[in-house]
Amino acid sequence: MTIKHESQKIAQNFYTFAVLLFLVQVVVGIIAAVQFIWPGFFILNFNTIRTLHINALVVWLLVGFMGATYYVVSEESETELWSLPLAKFQFWATVVTITAVVLGYIIMGLYPQANILVSGTQLLNEGREYIEAPRWADILIVVSVLLFLLNCSMTVFKTKKWTGIQGVLLGGLVFLALMYLPGMFYTKSMVKDQFWWWWVVHLWVEGAWEIIAGALLAFMLMKLIGAKREVVEKWMYIEVGLVMFTGILGTGHHYYWIGTPSYWLWVGGIFSSLEPLPLLVMVWDAFRTTREHRQVTNKVGLFYAVAHAIFNFVGAGLWGIIHTLPQVNKWTHGTQITTAHGHLAFYGAYVLLVMAMIYVTLPAIRGVKEFNSSRAYQSFWWLTISMVFIVLTITGAGMVQTYMERLMGLDYVAVKANYNLWFWILRAIFGVGFLVGVGIFVVDYFKLGKEPARLKSAA
Amino acid sequence: MSNKAARNLFIYGSLFFFVIFLALTFDTMGKLDKRAPEITEEVNAGKMVWHKYDCIGCHTIFGNGSYFAPDMTKTAEKKPKEYLKKFLMDPKAVNPQASMPKLGITSEEADKLIAFLGWTSKVDTNGWPPKPILATAAGVAGRELTGGQKLYQSLGCSNCHMVNGIGGTTAPELTNVGSKRDKAWLTGHFKNPSAYVPNSAMPAFGNLSEKELNDLTDYMLTLKQEVKK
Ligand code: HEM
Ligand code: HEM
Ligand SMILES: [Fe+2]
């Protein structure tokens, strides 16, 4: 298999940047985990390390989506991208912006006083979780995303092949871009600050991003197994429809305790409890499609796609629903239970999704039909087993914390430093296992298709 | 269902739910100011300091943020201002074991932060964080409390101090204080901590009556258990 359009190769630039940021994300994640045991472990304090960890995560996933989208749009429109130079420019502009933001975080971590106010906003770090990037960077990011959307839309307009997949994919991306805006203005009230902040965070991961996931899953099922477009697209509409019907009002599960009226307990409780439903349909969809067709060449691509569907449901759906009812959330809100869910959800829903897209599209980009897939399986098992154990460990820590701190009234620091110490140690150890998986994946990414294919039979 | 019907259901259904969401947002925005105290210039300045030092990178507030350090929503309710100010400006000077770094917070910035935390502690959060349900049962186990123990509870000493595993961690543990200090030191220290420990962050309890001071000191002197490490 090779690509049909030369400009699809641009996806590779984005993938490479994503893969490198993935590595950075996990290395700093391990530093953060060690700081739970030994707070003075590194020159940068925990807050800076954590900022780097979660920003690297969000950025590499977004960059991965962008690469995948350029590939898909060109493929679905059956034409070259509207402007390859623009795509290249947009790529390098993104790299430069992100590098500048990261340097800013590090400077701020070393010299907090450098985070001065410039026309009403912080210069280096906005001090808001996930959207720490300062305002000037927000604007550059928005411009970059607009250029990206322009390029993709113009490509579609070239041939006017409005397939369902690219319609939903671009729709999800437009929604994503729009939902970045509520995080871009200052409010004096911390309550309003968090209210709008959740528009960004929740409506991204439980709205826009799930729509993108639904479209990419449909694309992969079609490409990998040759499933019929009509069928795949119909289920895609149903899935992303259910995502929106439950997820939009499901935002209410973050409006229980931040100073908002109590009707959100009802709205959030009811709708967010239904959020796992579309994720379950996706799992069923993946299995049904896979069972109906058997002539699969890219087995490892399919493997990752199905694993994504399963862990999306487990991490977001199951680990989400356990603490989404207000009666439970009252006790678990802001504990390690949240961290456990955050990790498994992001891993299952989006890390595996981008990895799946890489394994589905990269062989064609590199122009190989067959490739040695043993490393891809190895890294999957290192990553997944380590992640599952990290999540079980942290779920344990969260249960101890909820019981001792929230129910018994012990001091936060006492629980963290005495009772949960072993959980922190275990997390750090499994974190190293996860890093091994990332290492194997990075090596595989750079070597894929560049070795003699004979290796395959040996594996 | 045809593909077109499924597509329309997705598009119009999403719009429908988004419109409801917007309506609820509008309603909420109208109600928020009544559920919180007025935001003075100082409170807002404190919020800016909160952002400047990225406090959310370690702490939660209203339960949202990072889970590395205690939630800040009600801190100002539990700890006196003077104490918080000393802690913010130099955590290790108050508590040698503190893991919060000295961030370079100035005296004015600390005042602003405290005003901001005072504001958040008065926001109506639908009862969050909930009162621990097992706390009142712990440690008492059917015994009658002495006068000193009652004072210890009512004066909120355990917000800062720990005795036998219960209480705060930002001030020295008192489990073994009875073998460390004598009666005169303890009584004098209650009246004026800074006279005994330079720049002490412990609030003075000079307004207590002689009997109360006596009871409290007697209780301290009973605390003579080796602290197991
Ligand atoms: C792929 C989808 C999802 C991702 C990536 C995700 C990720 C996250 C993350 C990272 C947080 C923590 C936010 C913070 O840092 O403060 C969070 C919170 C939360 N999530 Fe999800 N989530 C997803 C889906 C879901 C679903 C489907 C549900 C419910 C069924 C759910 C329920 C919750 C709840 C209740 C909280 C708040 C926890 C608290 O009170 O502290 N999530 N989610
Ligand atoms: C791809 C894998 C990973 C993903 C998707 C991920 C995601 C996240 C997210 C979303 C957060 C912030 C929200 C939260 O606390 O729930 C976070 C925090 C954190 N992550 Fe990760 N992470 C990954 C891998 C790791 C690894 C391997 C480690 C190290 C063992 C690690 C350690 C941490 C720590 C210590 C925090 C701070 C949690 C807290 O505030 O209590 N992460 N991560
Ligand atoms: Fe959510």
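E405(A) is buried, since its relative accessibility is 16% (buried means under 20% relative accessible area, exposed over 50%, and partly exposed in between, using a 1.4 Å probe and protein chains only). As a rule, side chains of opposite charge can pair when their charged atoms come close.

A word on the model itself: it is predicted, so local features need pLDDT of at least 70 and side-chain atom pairs count only at pLDDT 80 or more, while totals for chains, interfaces and linings use all residues. Residues are numbered from 1 along each chain as its sequence is written, chains are lettered from A and ligands numbered from 1 in the order in which they are written, and side-chain values use heavy atoms, with hydrogens and water left out.

Back to the charged pairs. Searching the whole structure turns up 26 salt bridges over all chains. In chain B, D111(B) pairs with K85(B), and their closest N and O atoms sit 3.1 Å apart. This pair ties together distant parts of the chain, with D111(B) in helix α6 (residues 107-121) and K85(B) in helix α4 (residues 81-89), 26 residues apart; helices here are DSSP runs (H or I, at least four residues), numbered from the N terminus. D111(B) is partly exposed at 32% relative accessibility, and K85(B) is partly exposed too, at 22%. Another chain B salt bridge joins K191(B) to E210(B), with 3.9 Å between the closest N and O atoms. Here the link runs from helix α9 (residues 183-191) to helix α11 (residues 210-222), and the partners are 19 residues apart. K191(B) counts as partly exposed at 40%, whereas E210(B) is exposed at 52%. Salt bridges with shared partners also join E126(A), R128(A), R135(A), D138(A), D193(A) and K47(B) into one network.

Next comes the metal. The iron atom of ligand 2 is coordinated by NE2 of H53(A) and NE2 of H343(A), at 2.0 Å. These histidines also bring distant parts of chain A together: H53(A) lies in helix α2 (residues 46-77) and H343(A) in helix α12, 290 residues apart. Donors are N, O and S atoms within 2.8 Å of the metal (3.2 Å for Na, K and Ca), and sites may look incomplete because water is not among the atoms. The 6 donor atoms around this iron subtend angles of 86 to 179°, so the arrangement is octahedral (six donors, opposite ones over 155 degrees apart and all others between 65 and 115). H53(A) is buried at 15% relative accessible area, while H343(A) is partly exposed at 28%.

As for ligand 1, 29 residues surround it, and the closest are E129(A), N329(A), H333(A), T338(A) and H341(A); a residue is near a molecule if one of its heavy atoms lies within 4 Å of it. Both chains A and B contribute, so the site is shared between chains. A polar side-chain atom of N329(A) lies 2.8 Å from an oxygen atom of ligand 1, and one of Y67(B) lies 3.2 Å from an oxygen atom of ligand 1. α12(A) gives the most to the shell, with 7 residues.

Methods:
Polar contact = N/O pair within 3.5 Å; in protein donor to acceptor, adjacent residues only side chain to side chain. Helix = DSSP H or I, 4+ residues; strand = E, 2+ residues; numbered from the N terminus. Tetrahedral: all angles 85-135°; square planar, octahedral: opposite > 155°, others 65-115°. Salt bridge = Lys/Arg side-chain N within 4 Å of Asp/Glu carboxyl O.
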